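Let's take a friendly walk through a protein model together.

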Amino acid sequence: MTIAVLALQGAFLEHEQMLSRIGADWFEVREATDWTRPKDGLILPGGESTTQGKLLRDLGLLEAMRSDILKGLPVFGTCAGLILMAREVEGQSTSTADHPSLATMDITACRNAYGRQLGSFFTEAEMKGIGKIPMTFIRAPYIKEVRGSAEPLATVDGRIVAAREGNQLVTAFHPELNDDTRVHRYFLDSMVGSR
């Protein structure tokens, strides 16, 4: 299986290293022609969601990615990826000109919910279908609301920090920054491999 990794900005290298560790092939998406390559899934890394959204739009990737996700391409978004995938972001204009996003997942995200860099922290908590896992949060969002077929998978201090809706998986934390491979394996085994 081959996973496309969005490599415009953010922590994409760590996802690539994690995929290599568990034996998955990957390639970087940096321009529209990269998106035409055969792929079995997509990873949207943490970083700066506004920057990533604008780059996706300016490079002609936004609509193609959205279309493929809505057609069933498995996608895993961490932190900024979660914000890009959320249909609603609290306190953010719904104008796609101001905040271009994929808006494919029926969730409401709260960005920078844990504060600035000093609000970063580490904990361990249960994630449905996986068990207790390490979770590293860096200026993380959280999920305020899930709707429709979206399902919470993990909570920390009463806040939803992981969710799934069909072929879409999001985490507010960064599993690629720990040695534990189970979240990436969950994505590959239960979402990509079952397609």
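Gly23 is exposed, because its relative accessibility is 63%, and exposed here means over 50% relative accessible area, buried means under 20%, and partly exposed is anything in between (1.4 Å probe, protein chains only). You will find Gly23 in the loop between helix 1 (12-21) and strand 2 (25-29). Helices (H or I, at least four residues) and strands (E, at least two) are DSSP runs, numbered from the N terminus. Now look for His174: Gly23 and His174 are 151 residues apart in sequence, and their C-alpha atoms are 20 Å apart in space.

A word on what you are looking at: this is a predicted model, in which local features need pLDDT of at least 70 and side-chain atom pairs count only at pLDDT 80 or more, while totals for chains, interfaces and linings use all residues. Residues are numbered from 1 along each chain as its sequence is written, and side-chain values use heavy atoms, with hydrogens and water left out.

Let's step back to the whole chain. Its secondary structure comes to six helices and twelve strands. The chain is as compact as a globular protein of 195 residues, because its radius of gyration is 15 Å, close to the 16 Å from the globule rule. That radius is taken over C-alpha atoms, and the rule is 2.2 Å times the number of residues to the power 0.38. Along its principal axes, the C-alpha trace spans about 40 × 40 × 30 Å. Of the 195 residues, 54% count as buried.

How much of the contact pattern links residues 24 or more positions apart? Such pairs account for 66% of the contacts with a separation of 6 or more, where contact means heavy atoms within 4.5 Å.

Now let's go inside. In soluble globular proteins, nonpolar side chains tend to be buried together. In this model, the largest nonpolar core has 60 residues, and those with the most contacts inside it are Leu42, Met65, Met127, Met135, Phe173 and Phe187. Helix 6 (residues 182-192) gives the most to this core, with six residues. A nonpolar core is a set of buried Ala, Val, Leu, Ile, Met, Phe, Trp, Tyr and Cys residues joined through side-chain atoms within 4.5 Å.

Leaving aside neighbours within four places in sequence, the contacts of Phe173 include Thr78, Cys79, Met127, Met135 and Val183. Met127 sits in strand 7 (residues 121-127) and is buried, because its relative accessibility is 1%. Besides Phe173, Met127 touches residues including Ile133, Leu153, Leu169 and Val183, again not counting residues up to four places away in sequence.

Thr78, another contact of Phe173, belongs to strand 4 (residues 75-78). Is Thr78 buried or exposed? At 0% relative accessibility, Thr78 is buried. Cys79 lies in the loop between strand 4 and helix 5 (80-85), and is buried at 6% relative accessible area.

Most residues other than glycine have a negative phi. Cys79 is not a glycine, yet its phi is positive, about 55°. Arg139 also has a positive phi, near 45°. Arg139 is found in the loop between strand 8 (131-137) and strand 9 (142-146), and counts as partly exposed because its relative accessibility is 34%. From Met127 to Arg139 is twelve residues in sequence and 20 Å in space, C-alpha to C-alpha.

Finally, visit one more loop residue. Ser101 lies between strand 5 (86-89) and strand 6 (105-110) and counts as buried, at 14% relative accessibility. Ser101 and Ala86 are 15 residues apart in sequence and 8.1 Å apart in space, C-alpha to C-alpha. Not counting residues up to four places away in sequence, Ser101 touches Leu62, Arg66, Leu84 and Ala86.
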